[in-house]
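Good morning, colleagues. Please look at the sequence and the structure on the screen, and I shall then take you through the main features in turn.

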Amino acid sequence: MIHMTIDRRELADFLRRSRDRVRPSDVGLVEGPRRRTAGLRREEVAQLAEMSADYYMRMEQARGPQPSPQILSSLARALRLSVDERDHLHLLAGHRPPAGRIGGDQVGAGLLHLLDQLPDTAAQVLGDLGDVLAQNDLARSLLGGVCTVSEHGRNVIWRWFADPAARAAYPPEEHDHYSRLHVADLRAAVARRGAADPAAARLVERLRGVGEEFTALWDLHEVAVRRRSRMRVVHPVVGPVDLDCQVLLAQEADQRLVLFTPPPGSDTADRLTLLRVLDTERFPSKVGRIESAPPVDRGGVWSPRS
């Protein structure tokens with residue numbers, strides 16, 4: 001774990017530069033004829049951020065205590081910082097940046113276009129809690145479709161622990177390994193969202209009720225964000241398929257693009273080509289969000305309309 005400390009000199013310089021870039025008219029202040037700077041005065045920033053002028057002055061002089069995340073958020077609003085600038089401010093002050101933009105169920109047009117441009121590569125867009133939000137034809141043919149008529153039916157973690165058929169495509173000797181991967185990754189996602197997140201709490205509660213396996217693994221408190229891994233899928237048509245899984249983060253903090261690619265030196269590419277040819281006539285080419293009925297807001301938890 002990286003130990004974060006405040007960099008007072010860089011923080012002071014960033015605050016001064018940011019203050020100089022904001023014109024009084026940008027924040028509803030009158031510039032006046034006797035103003036010697038085009039930007040804001042220190043006391044004006046302090047007023048806009050609802051903090052004492054002395055406290056802010058000490059920050060710009062690279063002295064004083066470490067500012068709290070609440071103070072940094074107020075300063076970011078007062079100085080009209082962008083999201084990247086806000087995150088930079090928090091890092092300079094020795095704090096982890098706030099959570100990024102949340103995409104929810106909505107997959108951006110850019111990601112959908114990218115899926116459409118990968119006919120030879122199985123790819124999915126997953127939510128951070130394990131919901132399959134979109135997938136291309138090859139991913140569907142290789143990994144199967146998802147259920148959208150029941151709560152959490154498109155969630156890969158829920159299906160892994162609640163539906164024995166979901167494990168049929170994976171070698172039995174690897175089931176324990178995949179179970180631990182799922183739970184450790186979910187642990188990290190729940191912590192990022194925070195204890196008060198209703199969707200995360202609801203999923204964990206339901207998983208605890210499924211059986212002892214999930215509960216035992218959850219209580220181990222293992223944490224590991226899944227970034228890359230090797231997996232084997234036993235496909236009923238083309239046989240065993242070895243895959244390298246590469247996880248790429250999307251711009252939204254709660255979404256990720258997962259690519260399933262052939263390991264070097266394997267025959268996976270030939271098997272995927274065969275699978276794509278066999279399915280060409282079975283399914284029309286279609287890439288997009290996982291089809292479902294319009295969702296109902298149930299406290300932040302995805303649920304099909306009843």
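Leu 220 belongs to helix α11. Between the C-alpha atoms of Leu 220 and Ala 184 there are 9.2 Å, while 36 residues separate the two along the chain. Ala 184, in contrast, is listed among the buried residues of helix α9.

Before I go further, please keep in mind that this is a predicted model. The protein has 306 residues, of which 42% are buried. Its secondary structure comprises 12 helices and six strands. If we take the contacts with a separation of 6 or more, 57% of them are between residues 24 or more positions apart.

I turn now to helix α9, which runs from residue 175 to residue 193. Its 19 residues reach 27 Å from the first C-alpha to the last, close to the 27 Å expected at 1.5 Å a residue. Among its buried residues are His 175, Tyr 178, His 182, Asp 185 and Arg 187. Which elements cover these buried residues? The cover includes helices α8 (156-162), α10 (198-208) and α11 (212-220), together with strands β3 and β5. Directly after α9 comes Gly 194, with a positive phi near 100°.

Next, the strands. Strand β3, residues 228-235, pairs with strand β4, residues 239-249, in the antiparallel sense, and eight bridges hold this pairing. The two are joined by a hairpin of three residues. Within this pair, Arg 232 has Asp 242 of β4 as its bridge partner. β4 is also joined to strand β5, residues 255-261, by six bridges, again antiparallel. In that pairing, Val 247 stands opposite Val 258 of β5.

Another pairing is that of β1 with β2, which run antiparallel and are joined by three bridges. Here Leu 126 has Val 132 of β2 as its bridge partner. The hairpin of β1 and β2 has four residues between the strands, and Gly 130 in this hairpin takes a positive phi near 105°.

That brings me to the backbone angles of residues other than glycine. In general, most such residues have a negative phi. Which value does Arg 80 take? Arg 80 has a positive phi of about 55°, although it is not a glycine. This residue, Arg 80, sits in the loop between α4 (69-78) and α5 (83-92). His 221 is likewise not a glycine and has a positive phi, of about 60°. His 221 is located in the loop between α11 and β3.

One further loop residue deserves a mention. Thr 37 is placed in the loop between α1 and α2 (42-48). Thr 37 counts as partly exposed because its relative accessibility is 29%, and that class lies between the cut-offs of 20% and 50%.

How many cavities of 30 Å³ or more does the structure hold? There is one, and the volume of the largest cavity is about 40 Å³. Its lining includes Ile 6, Arg 8, Leu 11, Met 59 and Pro 67. Helices α1 (8-21) and α3 (53-60) each supply at least two of the lining residues. By class, the lining of this cavity divides into six nonpolar, one polar and three charged residues.

The second largest pocket has a volume of about 750 Å³. It is lined by 39 residues, and those closest to its centre are Gln 124, Leu 143, Val 156, Tyr 170 and His 182. Two or more lining residues come from each of β1 (122-127), β2 (132-135), α7 (137-143), α8, α9, β3, β4 and β5. The lining of this pocket divides into 24 nonpolar, nine polar and six charged residues.

Technical notes:
Residues numbered from 1 in each chain as written. Predicted model: local features only at pLDDT ≥ 70, side-chain atom pairs only at ≥ 80, totals over all residues. Heavy atoms only, no water. Pairing = 2+ DSSP bridges. Expected span 1.5 Å × (residues − 1). Buried < 20%, exposed > 50% of the residue type's maximum accessible area, 1.4 Å probe, protein only. Contact = heavy atoms within 4.5 Å. 1 Å grid on protein atoms, 1.4 Å probe; cavity = no way out; pocket = protein on both sides within 12 Å on 5 of 7 lines; lining within 4 Å. Points joined across faces, edges and corners; volume = space filled by probe spheres on them. Nonpolar A, V, L, I, M, F, W, Y, C, P; charged D, E, K, R; others polar.
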